[in-house]
Amino acid sequence: MQQYLYSPGSIRGPLLFILYTTNIAKTALCCGISIHIYADDTQLYIKLSTANIDNSKTRLIACFHQIQSWCASMRLKLNTKKTELIWFDRRSRPHLDLKTLCLQLDETCSIQPSNVVRDLGVFLDSKLSMSNHIGSITKACFFHLRRIRQIKRCLNEHCLHILVHSLVLSRIDYCNSILYGLPKSTLSPLTSIIHTAARLVKNLGPRDHITNSLQQLHWLPIQARISFKICLFMFKIMSGSAPPYLSSLVTPCAALESRRGLRSASKRDFVIKRTNLQFGNRMFEVAGPAEWNSLPELIRISSSINIFKSKLKTYLFSKYYD
């Protein structure tokens, strides 16, 4: 469920807004609801089963009313029209009517569950297939590629490279870590975007080979870009520059007393959690340590983030193209 809070725009606005919204997390936690806040975007999370839907709905409604009262006391506007509700469930439950998940906040306001919601520019569907998000990226990227093609004759290769990086590749790289573990068939539209962009920059025909051009541009394939982002998160965790909510998801082997004397602890490995389902391998708790442990030790002991990124890209480049 998303809630949007608004504060007046000013130079001190962000700082004042953070001071104002500090107590929202305490309010949610008192109701037994997990919460995550980014600027004026607030998400409430609750884990439930079909056996305790009514109890979970009651807790969510109570939490919403408390936050609404708190907003009123702080002279903030809680926009209920932009509040969304989504049920994430990988299983098909034909016997479950989604209308039962509706949150009746008051006599005039009810929130119906959605199949897709947008969170910080990312489209999340109820099955977490990410097909809607990939479709949105594909549509936007091909739009910009068509616009760039219209002015191609006025630009040299360097300018084309900059435009493609700014308008196309940046969209592919944004939050791409959530695409980890998806099959190649699902990621194929993003691969098509990278290939089309390379053909545009290198002035290639639709039937020309693309591998050499990708190597010359030093562009990584989509799977390597996803691995790059996850490994970068792990390096920040290892160096202590990652936010606490991310660092708390993984455990270094050296932090476990039973593994301190093992080789994995001296190599800066992380514990890889076991999952019962293949879908669970997409969790950062599993994906992060798995990708990090697979890196050569020479890369993991990099002294700075710039050196790490340079070594990592070289490693992934040789892994996918050699």
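The expected span of a helix is 1.5 Å times one less than its number of residues. In this predicted model, helix H3 (residues 53–73) has 21 residues and should therefore span 30 Å, in agreement with the 30 Å between its end C-alpha atoms. The points below treat this helix, a strand hairpin and the nonpolar cores.

**Helix H3**
- Buried residues of H3 include Ile53, Leu60, Ile61, Phe64, Ile67, Trp70 and Cys71.
- Ser56 and Lys57 of H3 are also buried.
- After H3 comes arginine 75, which has a positive phi, near 60 degrees.

**Hairpin E2–E3**
- Strand E2 (residues 34–38) pairs with E3 in the antiparallel sense through five bridges.
- Isoleucine 35 has leucine 44 of E3 as its bridge partner.
- Two residues separate E2 and E3 in this hairpin, and alanine 39 in the turn has a positive phi of about 55 degrees.
- Four of the five residues of strand E3 (residues 41–45) are buried, leaving the strand mostly covered.

**Nonpolar cores**
- The largest nonpolar core has 55 residues, of which Val164, Trp219 and Phe308 touch the most other members.
- Elements that each supply at least two residues of this core include strand E10 (122–125), helix H4 (131–150), helix H5 (157–173) and helix H13 (305–321).
- Helix H8 makes the greatest contribution to this core, 10 residues.
- Leaving aside residues up to four places away in sequence, tryptophan 219 touches Val164, Leu169, Ile194, Leu214 and Phe317, among others, as well as His161, His165 and Arg225.
- Another core, of 20 residues, lies apart from the largest one and has Ala28, Ile61, Cys71 and Leu78 among its members.
- Of these, Ile61 and Cys71 are also among the buried residues of H3.

How values were computed. Residues are numbered from 1 along each chain as its sequence is written. This is a predicted model: local features need pLDDT of at least 70, side-chain atom pairs count only at pLDDT 80 or more; totals for chains, interfaces and linings use all residues. Side-chain values use heavy atoms; hydrogens and water are left out. A nonpolar core is a set of buried Ala, Val, Leu, Ile, Met, Phe, Trp, Tyr and Cys residues joined through side-chain atoms within 4.5 Å. Buried means under 20% relative accessible area, exposed over 50%, partly exposed in between (1.4 Å probe, protein chains only). Contact means heavy atoms within 4.5 Å. Two strands pair if DSSP finds at least two bridges between them.
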